[in-house]
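Here are some notes to read alongside the structure. Please keep the sequence open while going through the points.

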Amino acid sequence: MTGQRSAPAPAAQDPAPAPGLVFEAVEGGYGSATVVRGLSGMAAPGEVLCVLGRNGVGKSTLMKLLLGYIPCLAGRVLLDGRPLDRLDPPARRRRGITYCPQERPVFDDLSVRDNLTLMRHDRTLAAFAPYFARFPILERRLNQHAGTLSGGEKKILSIVRGLSEEERVVLLDEPSEGVQWENILHMAELIAERKAKGVAFIVVEQNLAFAERIADRYLVMDQGKSVLAGPRAEIGRDAILAHLHV
Amino acid sequence: MSPIFLIQAINVLYGVTTLAVLVLGLAVIFGLLGVLNIAHGEFVMVGAYCAWAVTADGLPFLLAVPLALVVCGLLGLVVERVLIRPLYHRPFDTLVATWGLSLLLRKTAEAIFGLGFRSVRLPLAGTWHFLGVDYPSYRLVLIAVSILVLAALFLWYGSSRTGMRIRAMVGNADLAQAQGIAVKRLAAGTFIAGTILAGLGGVMVAPLVPVQPFMGLDYVLRAFFVLVVGGLGSVLGVLAGAGAIGGLDSVVSALIDGTYGYFTVLVVAILFLWLRPRGIFAHN
Amino acid sequence: MTEGKLAITRRTLLGTAMGGAALSLAPGLIGRAAAAAGEFKIGLFIPLSGPASLFGPTGRACATLAADEANKKGGILGRQIKLFIADAGGPPADTAKSAVRLMLQDGIDLAIGSHDSATMEALVSTFKGKIPYVYTPVYQGGECDFNVYCLGETPAQQVEPSVTWLARNKHAKTFYLIGDDYVSPRKTNEAAKKYIAAVGGKVVGEEYVPFGAPNKFEQSVTRIKGVNPDVVLITLVGADNVNFNRTFAGFGLDKSIARLSMLLEENTLKGIGAESSNNLYSCMAYFAAIDNPANNAFKAAYTAMFGANAPQLGTIGVDSYAGVNFAKALVEKAHGTNARKCMAASEGVRFEAAAGPVTMHGRQVDKNMYLANCNGGQFNIVATFKNMKSGTTCKV
């Protein structure tokens with residue numbers, strides 16, 4: 001009883017922690033090569049942060065830092081104000097972070113069905129009806145090995161799996177790569193729906209047209225650093241393009 | 001069909017099924033974790049000593065099954081934690097480490113039990129008469145148990161949730177982690193399952209062979225041949241490898257003699273290493 | 001560098017050995033000069049590693065017992081015996097290296113070896129007759145190199161009497177031969193075929209399994225079942241011997257077919273186990289179960305020295321006891337270790353083996369042989385063959 005009464009006390013002293021996923025001055029890389037240098041940013045609930053930049057500027061490395069695949073050499077990552085530093089990827093998943101990687105986005109050796117139901121307690125496809133309505137191809141290929149899908153189909157499978165986890169934070173690494181425009185639009189709709197329910201997104205993209213449809217904020221990277229960041233309304237297309245093309 | 005021919009046919013079946021069970025643990029650990037456990041034979045040896053310890057105390061043979069399960073399981077747990085886990089993705093280092101482990105286990109067995117042969121009394125003596133031939137009862141039971149174990153594992157791996165997660169981990173560890181699969185724990189569990197399978201194999205063969213600290217060497221050699229032929233990472237490969245190696249050895253031994261049987265096995269293993277290094281089912 | 005030096009030393013030594021009577025006197029002289037003060041150094045080559053190391057502890061204990069007994073009676077020519085034990089369980093080349101070290105550094109006067117015949121050949125070409133080399137275990141016979149003395153059972157002593165006994169007492173006519181595929185079993189079987197023919201028997205099958213391979217015996221046993229011989233003559237060793245016999249009995253063949261194993265001692269029988277030992281025979285010069293005054297005294301002394309948990313006695317291991325006793329008898333008769341004098345003195349030399357006194361002829365040993373059946377996992381002596389000749393006579 002007394003515990004319950006005293007619980008809100010710390011909140012009164014500190015400013016309320018920022019909800020969503022926040023990263024502050026993170027640095028990291030592989031071996032002795034530091035790829036990401038002092039990057040900061042955040043995705044608040046109901047917001048999409050689009051990370052843009054040319055190939056090899058460290059976008060995927062940033063994702064791996066956020067997810068704990070590689071350790072942060074400096075800075076920190078917070079979820080709803082709580083640091084995630086010591087947690088490995090499965091533990092961060094349990095905290096509510098969904099991830100759809102760029103490379104090898106699905107389990108090639110498992111069927112499409114098993115890819116979708118692998119971690120679902122009921123192991124049924126009941127929850128997937130709305131996704132199948134948008135991507136009927138998946139339903140047709142349920143019993144096929146995921147390895148037999150095209151690159152774009154794998155991406156669709158991956159994002160459907162990710163969104164169906166219904167978590168508070170979703171990290172997508174180049175979800176539109178190889179996907180037909182029509183399906184990219186479906187993806188954008190799905191993201192918008194989830195966003196409306198308060199989900200925070202961080203999306204790495206190369207496809208500016210897709211990014212413009214979903215982004216609330218931009219973070220443009222070059223050589224591991226932030227070169228342009230801010231709300232979509234404040235950043236013009238030309239400014240972004242200047243950094244995307246050499 | 002002459003009775004001798006029928007017995008030789010059962011011998012082939014016996015050779016293949018028991019070999020498959022004895023290889024299983026090694027195949028699981030190698031195929032799924034990429035760890036070549038040179039000490040596999042020593043886990044078989046530990047299982048065999050479990051059978052000896054139980055029967056020497058006058059207890060029923062079947063008690064060796066839970067004993068081997070516990071002993072080999074605990075051993076596997078410790079070995080995975082201190083020896084294997086720091087060395088995942090360093091195949092040569094694990095090779096050397098498990099080789100050292102095999103020496104350690106042999107020497108430990110030697111220190112506890114001595115070098116002398118131990119014999120485990122057959123829990124099921126005599127022969128069964130069927131189709132006009134007599135065949136040792138215990139071997140017939142072993143054939144049945146081996147087939148059951150293989151079938152159960154095959155089904156479990158293919159359809160259970162854990163089996164599926166292991167396949168996910170093996171195929172794409174990063175994605176498995178992203179989906180919340182505790183890969184380290186699952187890998188440890190897989191390793192322990194492999195050592196337990198080896199131990200149970202040891203219990204099975206203990207009443208048929210001399211139990212002694214060096215016995216593991218016999219099994220590890222044949223097991224590697226099976227992996228060479230069968231390739232990695234599939235239960236079907238283990239069966240194919242055991243079928244090819246155990247079958248060829250048994251058939252040639254039956255037709256000519258043991259030297260030719262062994263020779264054939266060596267030649268086939270070399271041919272596979274040379275022409276199909278990824279095994280019988282390798283797709284390019 | 002060191003290797004080069006060693007090679008030169010060895011060549012020098014080799015020259016000494018080959019250099020004829022005048023030069024070969026030199027080591028003898030040195031030996032005699034040291035005789036008054038020093039110890040008599042014996043290199044004992046027994047397996048301490050590898051699968052055969054099972055026999056090492058028994059060999060060490062038995063040699064120690066014999067040396068202790070001899071030293072109480074004044075040693076050899078008044079010199080106390082000191083044993084230098086070397087591992088002979090590894091590759092022959094490794095054992096040969098130890099032998100070079102023992103000769104050059106420790107200056108052993110004589111070598112005793114109880115190990116396989118491949119190691120024996122390596123040691124023969126290492127010692128080159130410079131020191132007496134006593135090879136003690138059961139072997140295939142026929143070894144006559146210069147200054148080498150063999151004490152072990154030969155096929156003539158093992159196979160001939162036991163085949164004859166089985167033919168007479170068990171009406172055995174057909175024989176099936178199975179062995180490990182290396183020199184000793186093949187030579188033993190060569191001899192066995194003669195003895196089988198001599199008693200009017202017939203060899204109805206012969207097969208070998210690869211030596212050192214992980215052998216299984218279901219196929220062989222089934223083949224034997226098909227041929228249905230009266231006797232299977234087994235020249236398999238160690239784990240193969242255990243495996244074969246357990247499989248044989250498992251298939252129920254022990255009821256109708258007798259087995260005669262050429263290398264079956266107490267440890268192997270323990271592995272075969274009581275339920276697989278019926279109708280199984282072994283013919284050896286020594287079993288711990290031999291009940292005669294000499295063996296009872298030997299066992300009492302052994303237990304007194306090493307306690308109740310001493311290493312298991314068996315023909316391999318106990319041979320080292322005869323080896324040390326033979327060394328004493330030989331060197332004292334030859335008044336030293338001069339090769340030619342030792343060779344000459346060896347003829348007719350009499351010494352104590354564990355189960356009683358034996359005599360050397362043609363650098364091999366005539367001895368009593370014992371045939372035992374193994375019913376119930378015990379050696380039960382069913383026949384004694386007195387004073388059997390080795391079948392090999394070497395120049396002395």
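**Notes on the predicted model**

1. Start with chains A and B. Their contact takes 14 residues from chain B and 16 residues from chain A. On chain B, helix H6 (161-171) and helix H7 (173-178) each supply at least two residues of the side that touches chain A. H6(B) gives the most to this side, with five residues. Sorted by class, the residues of the side of chain B that touches chain A are six nonpolar, five polar and three charged.

2. For chain A the mean pLDDT is 90, and 93% of its residues reach 70 or more. Residues 1-12 of chain A are an exception to note, with pLDDT below 50. Beyond near neighbours in sequence, this stretch has one contact in the model. Where pLDDT is low, the predicted coordinates should not be read in detail.

3. Next, the fold of chain B. The secondary structure of this chain consists of eleven helices and two strands. Along the sequence the pattern is α-α-α-α-β-β-α-α-α-α-α-α-α. The radius of gyration of chain B is 19 Å, close to the 19 Å that the globule rule gives for 284 residues, so chain B is as compact as a globular protein of that length. Taken along the principal axes, the C-alpha atoms of chain B fill a box of roughly 60 × 50 × 35 Å.

4. Chain B also touches chain C. Here 32 residues of chain B are in contact with 33 residues of chain C. Which elements of chain B give two or more residues to the side that touches chain C? They are helix H1 (3-33), strand S2 (133-136), helix H9 (216-230), helix H10 (235-255) and helix H11 (258-275). The largest share of this side, six residues, comes from H1(B). By class, the side of chain B that touches chain C has 15 nonpolar, eleven polar and six charged residues.

5. Last, a helix pair within chain C. Helix H3 (residues 56-72) and helix H12 (residues 315-334) of chain C pack at an angle of about 30 degrees, and their axes are 7 Å apart. Because the angle is under 35 degrees, H3(C) counts as roughly parallel to H12(C). Their crossing is right-handed. Among the contact residues are C:Gly59, C:Cys62 and C:Ala66 of H3(C), and C:Gly317, C:Tyr321 and C:Lys328 of H12(C). The contact of H3(C) with H12(C) has nine nonpolar, six polar and one charged residues.

Conventions: Residues numbered from 1 in each chain as written. Chains lettered and ligands numbered in written order. Predicted model: local features only at pLDDT ≥ 70, side-chain atom pairs only at ≥ 80, totals over all residues. Axes fitted to C-alpha atoms, helices over the stretch in contact; angles between N-to-C directions. Helix = DSSP H or I, 4+ residues; strand = E, 2+ residues; numbered from the N terminus. Parallel < 35°, antiparallel > 145°, perpendicular 65-115°, else oblique. Left-handed = near helix turned anticlockwise from the far one by under 90°. Contact = placed C-beta atoms within 7 Å. Nonpolar A, V, L, I, M, F, W, Y, C, P; charged D, E, K, R; others polar. pLDDT = per-residue confidence, 0-100. Rg over C-alpha atoms; globule rule 2.2 N^0.38 Å.
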